[in-house]
Amino acid sequence: MTVMDAKSIALLEFPLIRDRLAAAAGFDPGRRLAAALLPSSDRVLVEIGLDETTQTRELLAEKPQAGIGGAHDIGPAIGRAARGGRLDATQFASIAATLEAGARLRDALAGDRRPLLGALARDLHGLPALRSTLERSFDPVGELLDTASPRLGGLRRATRLAYERLRSRLEQLVHSSEMGAALQDPIVTLRNGRYVVPVRAEARGRVKGIVHDASGSGQTLFVEPLVAVELGNAWREAQVAEQQEVERILDELSALVASQAGPLGELLGALARFDFWSAKARLAEELDATRAEVGTRPEISLRGARHPGLTGSVVPIDVELGTDFQALLVTGPNTGGKTVTLRTLGLLALMHQAGLHVPADPGSRLPVFRDIFADIGDEQSVAQSLSTFSGHLRSIVRITEAAGPNTLVLLDELGAGTDPTEGSALAQALLDHFLRAGALVAATTHYAELKVYAHTTPGVRNASVEFNLETLSPTYRLRIGLPGGSQAFAIAERLGLPPAIVADARGRLTEGQVAFEETLASIRAADVEARTVLDRARAAEIKAAEAQRVAEEERRGARRERQAAVTTARAEAERLVDDLRAEIRGAQRRLQRETVTAPALDEVLERAEEQLARLPAPAPAPPAPEAAGTIEWRVGARARSRSRGWEGRVVALERGGRRATLEVGGMRVSVGVEDLVPAILDAATKGSGGHQQEAASGLTALRLDRARSVASSLDVRGARVDEAIEVVGRYLEDCSLAGLASAMINHGHGTGALRDAVRAAAAAHPLVRTARPGERGEGGDGATVVTF
C-alpha cells in the first residue's frame with residue numbers, strides 16, 4: 001500500500017482524530033489499532049473501512065449492549081504459554097474473562113447478515129473445553145479452586161488439618177503455667193515460615209526449642225518449642241505437597257493454553273477489530289457524521305461540512321471542486337475562515353480515505369485521492385534561518401515534484417511573505433503548473449491579481465468567506481463564484497481610524513483597483529438580493545408542498561372511509577344472502593322429506609322476502625345524458641372524448657373550466673369540455689367496435705400532434721428530483737408517441753442526486769430501450785441520452 005504524505009497528514013491534524021478514536025476504544029489492542037490508522041489510496045481498502053464503520057454503526061443502533069466488555073489484552077500471556085512458560089492465576093483469569101467477552105459478542109452477532117460482522121463472528125472462537133476447564137479451576141477473582149485437580153482438595157484439607165494441630169498445641173503451651181512465666185507475651189507468631197513463641201532472654205533455659213530470631217534489643221528470643229517441631233514439620237510438608245500440586249496444575253493449564261494459541265490469537269484479534277470498529281462508529285455518532293459517497297472521478301462535493309476539531313456553534317460550509325472547475329481560490333478578510341476551509345476540506349478527505357464517516361450532510365461525495373498535499377501554517381524557523389516565505393517555498397517545492405492526476409493540493413496564503421507583485425506572479429505560475437499536472441487545487445490569498453486570474457482562467461473559480469461589517473465579525477460562510485475583499489478600509493473606519501486617513505488611503509488606489517472593487521460590491525449586492533428572493537420562493541414552495549400533503553392526506557382519509565363503508569355494506573349484504581340461501585336449502589330438504597302445507601311454504605317465503613328487504617338498495621339507474629354544456633365536470637370524474645375516443649379520468653380543469661386534462665393510460669391530454677360525455681353513459685350506449693375505431697383514430701391524431709410539438713431535448717436543471725421525474729416521464733411518453741428514435745435530457749452535474757435519479761428513471765421506463773451518459777459534444781455527464 002502506498003503511504004500518503006506524512007507531513008500533510010500531520011498539518012491537517014489527522015493525528016488528533018486518531019487520538020479521539022483511541023480514547024473511544026475499550027482495551028489496549030483496540031487502542032493500538034486506532035493509533036495505527038492511516039488514510040489509504042487503495043479504493044478497495046477505503047470501501048472496506050467505510051463498510052466497517054457503517055455496519056458497526058447500524059449494529060450498535062440496534063443492539064447498544066454489543067461490545068467487548070470484560071476482555072483483556074491476553075497477547076503476552078498467549079506468547080508466554082506458547083514459549084513453554086508458566087502462567088499465573090491472574091493471567092488465567094484474564095483469559096477466562098476474554099473468552100466470556102468473546103462469547104457475549106458472538107451471541108450479539110448471531111444471525112447478523114452484515115458480511116463484515118459475520119466474518120468477524122467466525123473468528124470469535126468459543127473454545128468450550130478450555131473455557132470450562134478454566135471455569136472449573138479458578139474462581140471469579142482468580143484463585144485456584146479445589147476442583148482444579150482430584151488431589152488438590154485433599155492436599156489443602158491435609159494442610160489445614162496440620163495447621164490447626166500446630167496452632168492448637170502452641171496455644172496450649174503459651175497459656176500453660178510452666179511456660180507462661182518465661183514468655184514476653186502469651187502470643188504465637190511466625191518467623192522464617194515457622195511458628196514460634198516470644199521468650200525472655202533470661203528465661204531461655206526454661207523453654208526447650210529452636211531459636212529462629214531475636215528482637216532488636218536482644219531481650220526477646222523467638223523460639224520454636226521442641227514439642228511443636230514435629231507438628232511444624234508436618235504442616236510444612238503438607239504446604240510443599242500442596243504447592244507442588246498447584247505448580248503442576250498451572251503447568252498443565254499453561255500447556256492447554258499453548259495448544260490453543262492460534263484460536264486464542266484470532267479471538268483477541270477479532271475483539272480488537274470490533275473494539276476499533278466500535279470506536280469509529282461512536283466517533284461518527286459524536287460528530288453527527290455521514291458516509292460520503294465514494295466518487296469514481298476526482299470530484300469533491302461536500303454539503304454542510306464541519307471541521308471535527310471545532311466546538312460550539314459551528315457554521316457548515318458547502319464545497320465543490322473538480323466538477324466544473326479544477327482550482328478554487330478563496331479570498332476574504334483575516335480570521336474569516338479561509339484556512340479553516342482548507343483544513344476542513346483536507347481533513348475530511350483524509351478521514352474518508354481512512355474509512356471514517358465525515359461530519360457533512362448526506363449526499364456528500366469524495367473521491368479516493370492518490371495523495372493529499374498541504375502547505376498550511378507558518379513555516380518560519382529561526383534555527384534553520386528560514387523566513388516565512390522560504391519555509392512555505394520549501395514545502396511547495398516538495399509538492400510540485402509529487403503532485404499529479406488524482407491528487408489534492410491545499411495551499412494557504414499562496415505567494416505571501418514577499419513582494420506582492422512578485423508573490424502574485426509566482427502564485428499564478430504555481431497554479432498553472434498544478435493545473436497542467438492534473439491536480440485539484442484549493443488555495444487562499446489576499447492578492448487582487450489572483451482574483452482577476454481566477455476570474456479569467458478556465459478551470460479556476462473564485463470563492464470568498466463572508467464578513468459582517470456591522471459586527472466586524474466573520475460569518476464563516478463560504479460562497480463559491482465570487483471573490484472576497486480584505487475589508488481593510490471598512491474595518492479601519494468601524495474601529496475609529498480618522499476618516500481623513502481612510503479617505504487618503506482610498507485615494508491612493510488605482511482607477512482599475514477602485515473599479516474592480518466597485519464591480520465586486522455590485523455583484524455581491526445583486527447576489528444577496530437574488531438569494532433573498534430564492535429563500536422566499538423556497539419558503540413558498542415548502543408551504544405549498546405542505547398544503548398539498550395535507551390535502552392528499554385528507555383525500556386518502558376520505559377514500560379509506562368510503563371504502564370501509566362499502567366493505568361493511570357488502571359484508572352485510574353477503575351475510576343476508578347467505579342466510580336466505582340457507583333458509584331456502586332447509587325448505588327444499590323439508591319438501592323432499594315430507595309434504596309441506598301451504599301455510600308452511602308461505603311462512604318460508606315471507607321470511608325470505610323480509611331478508612331481501614333488508615339488503616342495501618341497488619344503485620339508481622344513470623340519468624339520461626345531459627347536454628355537454630350543462631354537465632359540471634369535477635376532478636376525478638371519468639369522461640370520454642366524442643371526437644377522439646379517449647376515455648380516462650379528469651385530473652385537472654383549465655381556463656375557468658372550459659378545458660379538461662384527461663389521464664388516459666400513461667398519457668395526459670387536454671380536451672375541451674364540450675367534447676366530453678360521461679364514460680359510463682357512453683359505454684352503455686355504444687358498442688365496443690365503434691369505440692375501438694374512434695380510439696384508434698384519436699391515437700393517430702395524438703401522435704400527429706406530438707410529432708409537431710415535442711422537442712428532441714428536455715432541460716430539467718434546477719428542478720427538484722420529484723418534479724423532474726414526473727416531467728421526464730411525460731416527456732418520454734410524448735417522444736415515443738411522436739416517433740422519435742432518441743432524445744436528450746439535460747440535468748447538469750450538481751451534486752449528482754438529480755443526475756442519478758433521472759438516469760435511473762429513464763433506464764427503468766418501459767418505452768426506453770437504452771439510457772447512457774452524454775458524450776463529448778452532447779453535454780458529457782451532465783446529460784442523459786435515451787433511445788426508444
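Which helix gives the most to the lining of the largest cavity? The model in which this is examined is predicted, with local features requiring pLDDT of at least 70 and side-chain atom pairs counting only at pLDDT 80 or more, while totals for chains, interfaces and linings use all residues. Residues are numbered from 1 along each chain as its sequence is written, and side-chain values use heavy atoms, with hydrogens and water left out.

A search of the whole structure finds one cavity of 30 Å³ or more, a cavity being a set of points on a 1 Å grid over the protein atoms alone where a 1.4 Å probe fits but cannot get out. Its volume, the space filled by probe spheres set on points joined across faces, edges and corners, is about 80 Å³. The lining, made up of residues with an atom within 4 Å of a point, comprises 13 residues, of which His392, Ile396, Leu414, Gly415 and Ala416 lie nearest the centre of the cavity. Helix H14 (388–402) and helix H15 (420–437) each supply at least two lining residues; helices here are DSSP runs of H or I with at least four residues, strands are runs of E with at least two, and both are numbered from the N terminus. The answer to the opening question is H14, with four residues. By class, the lining has eight nonpolar, two polar and three charged residues, where Ala, Val, Leu, Ile, Met, Phe, Trp, Tyr, Cys and Pro count as nonpolar, Asp, Glu, Lys and Arg as charged, and the others, Gly among them, as polar.

The aromatic contacts come next. Rings of Phe, Tyr and Trp (its six-membered ring) pair if their centres lie within 6.5 Å, and planes under 30 degrees apart count as stacked, over 60 as edge-to-face and the rest as tilted. The count comes to four aromatic pairs. In one of them, the rings of Tyr163 and Tyr195 have centres 5.7 Å apart and planes at 55 degrees, so the pair is tilted. Because Tyr163 lies in helix H9 (residues 152–174) and Tyr195 in strand E2 (residues 194–200), this pair ties together parts that are 32 residues apart in sequence. Tyr195 is buried at 11% relative accessibility, whereas Tyr163 is partly exposed at 30% (buried means under 20% relative accessible area, exposed over 50%, partly exposed in between, with a 1.4 Å probe and protein chains only).

The rings of Tyr195 and Trp235 are also tilted, with centres 5.3 Å apart and planes at 50 degrees. Trp235 is buried, with a relative accessible area of 8%. Tyr163, Tyr195 and Trp235 form one aromatic cluster.

How values were computed
1 Å grid on protein atoms, 1.4 Å probe; cavity = no way out; pocket = protein on both sides within 12 Å on 5 of 7 lines; lining within 4 Å.
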